Amino acid sequence: MEMSKLTSKHQATVPADVRAALGLKGGDTIEWVVDKGGARVRKARGEDLAWLRLAEESFAVEWLSDEDEEAFCDL
């Protein structure tokens, strides 16, 4: 079992054994999956990152329009 402590900024160090097992290096993206009161972490796959980039671009165009900004500015 490996443990890390959260900093005041909610950051944690990934233990060396976990980094080695997942093949992680600086700059890699990790994915958190929450289920049944726990969480799993894995190295994000290329297809996951591609989907995330497409979703972010799509949402930015759709949800960050001047009309949306005006409609939601008083919330």
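Trainee: Among contacts between residues at least 6 apart in sequence, what percentage join residues at least 24 apart?

Mentor: For this protein chain, 0% of those contacts do. A contact here means heavy atoms within 4.5 Å. Keep in mind that this is a predicted model: local features need pLDDT of at least 70, side-chain atom pairs count only at pLDDT 80 or more, and totals for chains, interfaces and linings use all residues. Residues are numbered from 1 along each chain as its sequence is written, and side-chain values use heavy atoms, with hydrogens and water left out.

Trainee: OK, and in what order do the elements run?

Mentor: Starting at the N terminus, it goes α-β-β-α-α. That's three helices and two strands, taken as DSSP runs numbered from the N terminus (helices are H or I with at least four residues, strands are E with at least two).

Trainee: How much of the chain counts as buried?

Mentor: 7% of the 75 residues. Buried is under 20% relative accessible area, exposed is over 50%, and partly exposed is in between, with a 1.4 Å probe and protein chains only. The chain exposes about 6,800 Å², with carbon and sulfur atoms supplying 57% of that. Those areas come from the Shrake-Rupley method with a 1.4 Å probe, and for residues only the protein chains shown count as cover.

Trainee: Switching to charges. How many salt bridges are there?

Mentor: Take a side-chain nitrogen of Lys or Arg within 4 Å of a carboxyl oxygen of Asp or Glu, and you get four salt bridges. One of them pairs Lys25 with Asp28, where the closest N and O atoms are 3.7 Å apart.

Trainee: Is Lys25 buried or exposed?

Mentor: Lys25 is exposed, at 58% relative accessible area, while Asp28 is partly exposed at 27%. Asp28 also makes a salt bridge with Lys43, at 3.6 Å from N to O. That pair ties together distant parts of the chain, 15 residues apart: Asp28 sits in the loop between α1 (16-22) and β1 (30-35), and Lys43 in strand β2 (residues 38-43). Lys43 is partly exposed, with 30% relative accessibility.

Trainee: And which residue does Arg42 bridge to?

Mentor: Glu31, with N to O at 3.0 Å. This one also links distant parts of the chain, Arg42 being in strand β2 and Glu31 in strand β1, eleven residues apart. Both ends are partly exposed, Arg42 at 29% and Glu31 at 23%. Meanwhile, shared partners join Lys25, Asp28 and Lys43 into one network.

Trainee: What about pockets? How much space lies in the largest pocket?

Mentor: About 230 Å³. A pocket is an open set of points on a 1 Å grid over the protein atoms alone, where a 1.4 Å probe fits, with protein on both sides within 12 Å along at least five of seven lines; lining residues have an atom within 4 Å of a point. The volume is the space filled by probe spheres set on the points, which are joined across faces, edges and corners.

Trainee: Which residues lie nearest its centre?

Mentor: Of the 13 lining residues, those are Ser4, Thr13, Val14, Pro15 and Trp32. α1 and β1 each supply at least two of the lining residues.

Trainee: Last topic, backbone. Where is Lys36 found?

Mentor: Lys36 lies in the loop between β1 and β2. Its phi is near 45 degrees, a positive value in a residue other than glycine, and Lys36 is exposed at 88% relative accessible area. His10, in the segment before α1, has a positive phi too, near 65 degrees. His10 counts as exposed, at 65% relative accessibility.
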